[in-house]
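Please consider the model shown below together with its sequence. The paragraphs that follow lead from a pair of helices to a cavity, a pocket and the sheets.

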Amino acid sequence: MGGLWDIDAPRSTVYESAHLISSRTTTEFVEHPMPPGTPDYPSHTHLLAYFRSYADRFGLRDGYRFGTEVTSVQPVGDPAAPERWVVRATGPDGIPVESEHAGVVVADGTLSEPNVPELPGHFDGEIFHTAAYKHPQVFAGKRVLVVGAGNSGCDIVVDAVHHAASVDLSVRRGYHFVPSTSSGAPPTPSTRAVRCRRGSSRLSTPGCCGCSPATRPRFGFPEPDHKLYESHPIVNSLILHHLGHGDASVRPDVERLDGDGVVFRDGTRQGYDVVVLATGYRLHYPSSTAPCWPGPRGRGAPGLYLQIASPAAEGLYVVGMVEASGIGWQGRWEQAELVAAYLAARESGAPAAAQLRARVADRAAWPDLSGGYHYLGLERMAYYVNKDAYRRAVRAQAAELEVGR
């Protein structure tokens with residue numbers, strides 16, 4: 001119980017220093033607040049206890065089959081109007097099991113299947129993805145290169161500087177850095193960011209990271225090629241501290257691996273003992289469901305109505321394939337409430353269910369979830385939405401179903 005936040009689970013991708021990058025108050029479930037005294041940015045141990053308390057309070061454990069891998073999810077008959085859905089799985093005893101259902105909700109998340117790039121060349125040292133990283137002692141006395149400056153990559157750089165002989169961070173683009181606190185409190189999504197320009201950093205909110213716009217220490221990040229929140233910002237002030245103090249250095253994108261080192265895009269070469277791939281994750285759903293997903297919305301994510309319902313398959317729903325700054329678990333809770341409202345309306349034969357299904361089938365009727373932002377054309381941004389636009393659309397659709405019943 002606890003999924004990725006259980007550091008001891010076989011597919012957990014959290015590490016000892018992992019904390020929420022959004023604040024407790026913007027992330028928690030409204031119906032189940034975190035206990036008094038929980039820090040603003042809880043650790044993975046806090047979050048594991050929180051999820052377990054949620055499951056206990058609402059009696060969820062009895063519905064789970066732990067240690068079970070789903071191997072196949074297939075419709076019986078036409079996916080657009082299936083009679084039933086057949087789910088095949090393998091339990092902890094290795095014996096295959098099969099069951100039939102009126103519908104299937106796929107909720108296996110977006111951060112469990114590592115995206116491992118194929119870097120040209122060969123490397124004599126140790127190379128691994130952040131999914132395999134647990135504690136910074138693995139860097140003791142070593143020359144470390146972290147490839148990718150997402151939130152995990154920056155966390156690992158901050159961990160490594162206290163143990164490694166040297167630490168470099170390879171980046172291919174510029175980033176916006178949002179402080180974890182502003183005036184002593186967690187920031188809101190409207191908090192201005194630290195914009196890391198070529199050779200310098202500009203703080204657009206004086207004092208938010210303990211310094212001012214005039215400070216301008218040289219970091220070496222490229223100019224950001226996007227506006228704030230058109231890609232996920234970095235919530236880590238310590239990375240700027242360590243770069244500014246020379247504890248770590250920024251390097252260009254990797255050209256190739258080269259034996260005991262790495263050659264970068266600018267032609268420079270540096271020797272390393274460890275390369276950490278902070279290259280994110282990719283969507284990973286049962287391959288047998290592939291015919292039920294419509295063509296991608298773009299860059300690897302299936303085109304789903306409100307990121308939930310497939311126009312190609314009735315009875316197949318996704319909860320959790322959404323990302324937005326500040327959406328929290330409450331935003332995913334609202335997804336689940338919409339699915340529940342639709343299933344109830346469908347079961348009762350309410351016209352609202354048929355109206356929703358017709359809307360799912362008509363892409364021209366789908367709402368704009370971007371909020372006017374132009375998100376980067378990256379695979380990890382393919383399921384990114386604007387929090388406010390998305391939650392308004394989901395709530396409005398759920399309200400229609402409730403009224404229609």
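H5 and H6 are oblique to each other, because their axes cross at roughly 120°; angles under 35 degrees count as roughly parallel, over 145 as roughly antiparallel, 65 to 115 as roughly perpendicular and the rest as oblique. The two axes come within 7 Å, where an axis is a line fitted to C-alpha atoms, for helices over the stretch in contact, and angles run from 0 to 180 degrees between N-to-C directions. The crossing of H5 and H6 is left-handed, a term used if the near helix is turned anticlockwise from the far one by less than a right angle, with clockwise being right-handed. Helices (H or I, at least four residues) and strands (E, at least two) are DSSP runs, numbered from the N terminus. The model is a predicted one, in which local features need pLDDT of at least 70 and side-chain atom pairs count only at pLDDT 80 or more, while totals for chains, interfaces and linings use all residues. Residues are numbered from 1 along each chain as its sequence is written, and side-chain values use heavy atoms, with hydrogens and water left out.

Helix H5 (328-348) and helix H6 (351-361) are also the elements that give two or more residues to the lining of the largest cavity. The structure holds 1 cavity of 30 Å³ or more, and the volume of the largest cavity is about 110 Å³. On a 1 Å grid over the protein atoms alone, a cavity is a set of points where a 1.4 Å probe fits but cannot get out, and a pocket is an open set with protein on both sides within 12 Å along at least five of seven lines; lining residues have an atom within 4 Å of a point. Grid points are joined across faces, edges and corners, and a volume is the space filled by probe spheres set on the points. Among the residues lining the cavity are Tyr 305, Glu 314, Leu 338, Tyr 342, Arg 357 and Val 360. By class, this lining has 10 nonpolar, no polar and 2 charged residues; Ala, Val, Leu, Ile, Met, Phe, Trp, Tyr, Cys and Pro count as nonpolar, Asp, Glu, Lys and Arg as charged, and the others, Gly among them, as polar.

What space lies in the second largest pocket? Its volume is about 310 Å³. Of its 13 lining residues, His 19, Asp 155, Val 235, Asn 236 and Leu 238 are the closest to the centre. Helix H3 (residues 151-160) supplies the largest share of this lining, 3 residues. The classes here are 6 nonpolar, 5 polar and 2 charged residues.

Strand S8 (residues 166-170) pairs with S12 over 3 bridges, with Asp 168 having Ser 249 as its bridge partner.

A further open sheet, of mixed pairing, has 4 strands in the order S5-S13-S14-S15. Strand S5 (121-123) and strand S15 (269-271) each have a single partner strand, so one side of each is left without a neighbour in the sheet. The twist averages 35° from one strand to the next. Strands S13 (residues 254-259) and S14 (residues 261-264) pair in the antiparallel sense over 4 bridges, and Asp 258 stands opposite Gly 261.

Key:
Two strands pair if DSSP finds at least two bridges between them.
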